[in-house]
Amino acid sequence: TADRTAAGAQPGDIKLEIDTLVKALAVRDVPVEGRPVYGNERAPVTLVVFADFQCPMCKAEAPELRAAVDKHRQTRLVFKHFPLTHAHPRAEAAALAAEAAHMQGKFWDMHDQLFAHQDALEDADLERYATEIGLDVAQWKEDMASEEVKRMVAQDQADGMKLDIGGTPTVYVNGRELVPMLWGGEFDGWIEDALRR
């Protein structure tokens, strides 16, 4: 507060920032069971990202998240779908494609294809990516249309809504929402703090 006051911030702005910080420091229950994991499945620090495959910021952040996990071996990354269908008409289809790939153990391969080709997510494109990453395409198509896959995507989205997520990407570190006001929003700072707790 003293630093922000010295920098010329108004009391009302500081109060809003404090409210955001208090909210960010509260540990929330973020269900991760059965979701795609990158890194050590038993790591003590869990990063959870709610993302949309048509979101440009999600695309930009995806390699940074993986790099943070590669750097901090006591960390794992869990992906949860949060397609913003009102703004991104192919986000839900992309989420279903990735979830169907997850059924064959190839979630991260499809994840990378979808973000690499964010402007080409029509059905024919998705099928081409499924072929390129070596999926059983007939099974993938069946899974993509299945109620189970639709339910998993819908559950991720419902989990995000319970957390009152305002947009994508939204990242949680051991249940605490990552905000730029703490450790500059840098993954390293958040991870190192989580390891100290």
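Predicted model: local features only at pLDDT ≥ 70, side-chain atom pairs only at ≥ 80, totals over all residues.
Residues are numbered from 1 along each chain as its sequence is written, and side-chain values use heavy atoms, with hydrogens and water left out.

Back to the strands, which, like the helices, are DSSP runs numbered from the N terminus (helices are H or I with at least four residues, strands E with at least two). Two bridges join S4 to strand S5 (residues 176-177), and the pair runs antiparallel; strands count as paired if DSSP finds at least two bridges between them. S4 and S5 make a hairpin with two residues between them. Asn-174, in that turn, has a positive phi of about 50°. At 30% relative accessibility, Asn-174 counts as partly exposed (buried is under 20% relative accessible area, exposed over 50%, partly exposed in between, with a 1.4 Å probe and protein chains only).

## The other side of S4

S4 also runs antiparallel to strand S2 (residues 45-51), with four bridges joining them. Here Phe-50 has Thr-170 as its bridge partner in S4. In a regular strand, side chains alternate between the two faces of the sheet. In S4, Thr-170 and Tyr-172 point one way and Val-171 and Val-173 the other, and all are buried.

Most residues other than glycine have a negative phi, and most peptide bonds are trans. The loop between H8 and S4 holds Asp-164, whose phi is positive at about 65° although it is not a glycine. Asp-164 is exposed, with a relative accessible area of 57%.

Pro-169 lies in the loop between H8 and S4. A cis peptide bond joins Thr-168 to Pro-169, with omega at about -5°.

## The largest pocket

Pro-169 turns up again here. The largest pocket has a volume of about 230 Å³, and of its 14 lining residues, the closest to the centre are Glu-61, Pro-169, Leu-178, Val-179 and Pro-180. The search uses a 1 Å grid over the protein atoms alone: a cavity is a set of points where a 1.4 Å probe fits but cannot get out, a pocket is an open set with protein on both sides within 12 Å along at least five of seven lines, and lining residues have an atom within 4 Å of a point. Grid points are joined across faces, edges and corners, and a volume is the space filled by probe spheres set on the points.

Helix H2 (11-25), helix H3 (56-71) and strand S4 (170-173) each supply at least two lining residues, with H2 giving the most, three. By class, the pocket lining has seven nonpolar, three polar and four charged residues (Ala, Val, Leu, Ile, Met, Phe, Trp, Tyr, Cys and Pro are nonpolar; Asp, Glu, Lys and Arg charged; the others, Gly among them, polar).

## The one cavity

A search of the whole structure finds one cavity of 30 Å³ or more. The largest cavity is about 70 Å³ in volume, and of the 13 residues lining it, Val-49, Ala-62, Leu-65, Phe-79 and His-111 are closest to its centre. H3 provides the largest share of the lining, five residues. The cavity lining has ten nonpolar, one polar and two charged residues.
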